[in-house]
Amino acid sequence: MMVRETLMTARQLAWCALILLGMLPLIGRAELSISGFGTLGGTISDQDFIYQRFIDNTGTLKNDTIGGLQLDADLGTTWGLTLQTKLAPSQQRDTGFDPTLSWAFLSWRPTNEWLLRLGRLRIPGFLHSTNMDVGMSFTFAHLPFEMYSVSPTFDTAGISISKTWLQPGREWSLDGYLGVSEADWRYYFRDGIPANAPAGSFFSEVDMDLTTGVVAALNEHGNRWRVGLHRVDFKLGLRPLLNEYSFVTLLPGTEIGYYQTLTTPLIPNSPHNVETAIAYALNLSMELNLPYQLRLTTEYVQRRIVNITTGLDVNVGYIALEKRIGKWTPYSYWSGIRSLAPRLNFYDVLNNNQVPTFIPNSAVINATQRSGADLHQSFDQRSIALGAAYQLTPQSKLKFEWINTRSGRASSFIDAPLGEETGHRQFNLFSFSYNAVF
């Protein structure tokens, strides 16, 4: 893990150094501005199992607390440099905070209609994907988790090009990007595999050899519409991707057997490995001003993996309503995520597949089936939230929120206790946070 962290830090510093070296002739006469943002908050659940890595009935500050600094350098009439670093809970382990170089890009605006950025930048996708770390920039205490967890990262190292068309009261824009990225995807084994893998969480490197997409947007009188199509080619560093799980019959003429979900000394490597998975995501977003100072927001994402059939395909969405009342903005939203029916059905088959105890090594074989179901990453979950934001000053907010979450057949966001299931659970979360910018 330390090697992985060192490599990531080295790559981030290399991006920063490359950009700075290229702009040294201009930086000496640049106009610099520094800004910052931060959120300090806590969340507590009414249940003792862990949700979203940190939340249980003992409460936690880790789920919400984040801080960051941003440096903007105006290098002339058309050139600019942006660096942003943040301190947030580690994305590579369940303990500690890590500093991250979030942004490090050079921008060039030859005209008001064109913008080109090169370096480490945030993918333009969802309504709040570029500002999701800055709690002051949105009303919710938490952006709907089902929606904003659909990708392990929204950052990429590459290039983006934006074109804007301005009309009276209306702005059209088209954004395209191309880059590479890396992140870590968290898994959780409920039971583990005897002599092979312990129960608990672990992280797998996700190397995205290609991240590309295009997003079209319309802003009109404070209303926003957005549609985007994205492609990611990725590999997992910890385990091979399987196009399908082969079934191995142990007793001829019966249905007793196991699925080849992962490699152990007792279960050889599957012949259906895929080196690189190809994922597509379609996102639709809308934000509307309504009468009586009401605001309606809704977003939808469909994620599909075109060359493997083992999980990951989901539909995600939410709808939110908020109303401004003086310094208060109460809100409510419904959000949900659900794997495709064939994926959920196979999760049930895999999770419940057990061989009799008279089969040699049955304990290990049965553990691989449940652990394989955990690796399957299935989702059937929905949440209802009620909350309010209070504007303390133009630079700070207080937020309060209650969320009721229910899982259907399964939810990989839940760390189920040993021997238990993630499905058919209901729990409440209570949150408080202070958000500020400077």
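Start by selecting A104 in β5 (97–111), which stands opposite R120 in β6. Strands here are DSSP runs of E with at least two residues, numbered from the N terminus. This is a predicted model in which local features need pLDDT of at least 70 and side-chain atom pairs count only at pLDDT 80 or more, while totals for chains, interfaces and linings use all residues. Residues are numbered from 1 along each chain as its sequence is written, and side-chain values use heavy atoms, with hydrogens and water left out.

Next, show all of β5 and β6. The two strands pair in the antiparallel sense over six bridges; two strands pair if DSSP finds at least two bridges between them. A hairpin joins β5 to β6 through two residues.

Select L115: its bridge partner in β7 is S162.

A pocket is an open set of points on a 1 Å grid over the protein atoms alone, fitting a 1.4 Å probe, with protein on both sides within 12 Å along at least five of seven lines; lining residues have an atom within 4 Å of a point.

Finally, select V150, S151, P152, V232 and R303, the closest to the centre of the largest cavity among its 36 lining residues. In a cavity the probe fits but cannot get out. This one has a volume of about 560 Å³.

Terms used:
Helices (H or I, at least four residues) and strands (E, at least two) are DSSP runs, numbered from the N terminus. Grid points are joined across faces, edges and corners, and a volume is the space filled by probe spheres set on the points.
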